[in-house]
Amino acid sequence: MNWLKKTGRWINDRSGFSEMFNPLMNHPVPPGSKWAYVFGSATLFCFILQVATGIGLALLYQPSSDKAFQSLQYITYKATLGSTLRGIHYYGASGMIIMAGVHMLRVYITAAYKYPREMSWISGVVLLILTISMGFTGQLLRWDDNGVWSAVVAAEQMGRIPLIGKPLARLLLGGDTLGGQSLSRFFAYHVFLIPSLIFLFVGFHLWLVMRNGISEPPKAGRLIDPATYRSWYRNMLRQSGIPFWPYAAWRDAIFSSLVIIAIVVAAVVFGPPVLRKLPDPSAIITSPRPDWYLLWIYALFALIPPQIESYVMFLGPLLILFLLFALPFASNAGERSPIKRPWSIVASSFLVIVVISLLAVGNSSNWSPHFKAKLTNNISAPSDDSLAVAGITLFEQKACLYCHKINGDGGNVGPDLTHVANRLNENEMILRIVNGARNMPAYGGSLSRDELTRLVAFLKTRN
Amino acid sequence: MNPENKIDRRKFLVRITLLAGAIPAAIVSVPIFGALLGPLLQRQRQVWRKVANVSEINIGETKLISYVNADPLPWAGVTAKSAAWLRRESEEKFIAFSANCSHLGCPVRWEDKAQLFMCPCHGGVYYKDGTVAAGPPPKPLTQIEVRINKNDIEIKTAPVPITTITE
């Protein structure tokens, strides 16, 4: 026996490491638990990646409202591989959210939340909330103009909670306004408070895997009966279970490894999200928008009718949480196979389609005025119609172009006016411009009669 | 010792152990929660800040002003600043609007030629008097107090306006 083995034996004898880890490594898992089972561990490895890269970033970051932006510039442009480190942390967050989402869908579709794994589902929902909170607070730590305005938007959303809304909003900002307290708080939440809760719940989540075992791949017709399930599961493992290490672990390792390599490649190729302007709340020419994983909420707030919006902002999350927490209690026995539970596939597909659609519309943000819209040579009026020619300039100056498109230039808030003269006659145009519409300002108070005449003359040439 | 006494002794020891943990935990958590809830416990006094000269703004004009919030912390840096839109209605009358959209707080910008305030986030639009012209905002832009002090225009610092569910 060489000295290495001897040392190993000695350490193990005095520490008991193998007693601690052998049951974890060798615990039997149901046969057939293959590639569908890799997403939970991938989420965990993304989290470990986030902790590691987070520590790296914390070595360089200044969690202070006045210095954070400069330290981010330092990390991005000067520090050794700082830009890549930021990129990995950013794409790692995206990876963690995607993996958590896929893991959750897999558990839902195969009804792995049923008896006796209700607690796994519940702790998983808590972990999802914590992960999204990490995403949000992390986006704020990128303390540029988007960071400060995202904090204000979040405070406004908190404000819609009845009775305690205003104090909560104040608490989030760390005072009446943004200031010295704001960033220190987000930093403490992002780096200490939420991660410690994640560690706690990940520990619990994993303990449950050991205690209840991972769910066996479902089979149509094999029902879960709480009275007999545990003894059936024990027997099944005794007869056909395979040791986790390495017969199941290798898939986790391969998949997680690919995920992490993909994250690093994305970080190197695309780089971290760009730093925008200084976090100056008095510099107002900015268009705040959240990172992609919260963009669907941003889109939702633009699309829901304003009358019910406050209620959606407050009751919506409550309802979603209630449904998620209620799921394992609403159905904890019976069929697990998705073939016999077609609605689970319908519901999952629906959810995925809704979120992807909201992300797509959020990305194009057609409800926002197109502030950069400029008239190009695409738009002209007959040169003998001097009123119409003058109307072109007005169309741009009066911000019509921000919301209306003509010949491909302009915004998408209102209808495309390229052929408006085919739809509306002169009187209808005047009425609409002067009185506005549900989603259009009334220009009656700000346009002179001459201006109105010129504008309408121009629009009449749009056919 | 009879068994009943033994249970009493066990109960007593359990209680005293739990109490021994709970008391210091409760004491220590007071200052921790003090730090967490500090922003709610310390009310901020708002102050008047000079933002412009009366002569700097013409009648009918709307101008962006920025000012330093009340009593900022030394490490607030640029985040100590806030912005507002100041409008001169007449020789004597000035009004100021918070730059925060009443929908979700994004910064509205003034489009002078169109005489409209427009929000970049969800398409909120306001008229020059701050009333809602279009889009999702549930109420007008929040006004900030303005006063004229000799030749100076002063505005009173204010919290970020938060729209509540009943508004």
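Let's start in chain B, where strand E6 (residues 116–118) and strand E7 (residues 125–127) run antiparallel and are joined by 3 bridges. One pairing to look for on screen is B:Phe117, whose bridge partner in E7(B) is B:Tyr126. Please keep in mind while browsing that this is a predicted model.

These two strands belong to an open sheet of 4 strands in chain B, ordered E5-E6-E7-E8 and paired in antiparallel fashion. Which strands stand at the edges? They are strand E5 (109–111) and strand E8 (132–134) of chain B; each has a single partner strand, so one side of each is left without a neighbour in the sheet. From one strand to the next, the twist averages 35 degrees.

## Domains of the two chains

For chain A, the assignment gives domain 1 (26–364) and domain 2 (386–460). Here the C-alpha centres of domain 1 of chain A and domain 2 of chain A lie 45 Å apart.

## Where the chains touch

How many residues of each chain are in contact with the other chain? The count is 61 residues of chain A and 48 residues of chain B. On the chain A side, at least two residues each come from helix H7 (145–159), helix H8 (165–173), helix H9 (180–212), helix H13 (292–303) and helix H14 (306–330). H7(A) gives the most to this side, with 8 residues.

By class, the side of chain A that touches chain B has 30 nonpolar, 22 polar and 9 charged residues.

## Helix packing in chain A

Two packed helices are described by the angle between their axes and the distance between the axes. For helix H3 (residues 39–58) and helix H5 (residues 82–109) of chain A, the axes come within 8 Å and cross at roughly 160 degrees. An angle over 145 degrees counts as roughly antiparallel, and H3(A) and H5(A) are therefore roughly antiparallel to each other. Their crossing is left-handed. By class, the contact of H3(A) with H5(A) has 13 nonpolar, 10 polar and 2 charged residues.

The contact is made by A:Phe136, A:Gln139 and A:Leu140 of H6(A), together with A:Gly147, A:Ser150, A:Ala151 and A:Ala154 of H7(A). By class, this contact of H6(A) with H7(A) has 4 nonpolar, 3 polar and no charged residues.

## Backbone details worth a look

Most residues other than glycine have a negative phi, and most peptide bonds are trans. Chain A has some exceptions to visit. A cis peptide bond joins A:Tyr115 and A:Pro116, with omega about 0 degrees. A:Pro116 sits in the loop between H5 and helix H6 (118–141) of chain A. Another cis peptide bond joins A:Trp245 and A:Pro246, where omega is about -5 degrees. The place of A:Pro246 is in helix H11 (residues 244–247) of chain A.

Which residue other than glycine has a positive phi near 65 degrees? It is A:Leu163, found in the loop between H7 and H8 of chain A.

Note on methods
Residues are numbered from 1 along each chain as its sequence is written. Chains are lettered from A and ligands numbered from 1 in the order in which they are written. This is a predicted model: local features need pLDDT of at least 70, side-chain atom pairs count only at pLDDT 80 or more; totals for chains, interfaces and linings use all residues. Two residues are in contact if their C-beta atoms, placed from the backbone, lie within 7 Å. Ala, Val, Leu, Ile, Met, Phe, Trp, Tyr, Cys and Pro count as nonpolar, Asp, Glu, Lys and Arg as charged, and the others, Gly among them, as polar. Domain bounds come from an automatic or database domain assignment. Axes are lines fitted to C-alpha atoms, for helices over the stretch in contact, and angles run from 0 to 180 degrees between N-to-C directions. Angles under 35 degrees count as roughly parallel, over 145 as roughly antiparallel, 65 to 115 as roughly perpendicular and the rest as oblique. A crossing is left-handed if the near helix is turned anticlockwise from the far one by less than a right angle, and right-handed if clockwise. Two strands pair if DSSP finds at least two bridges between them.
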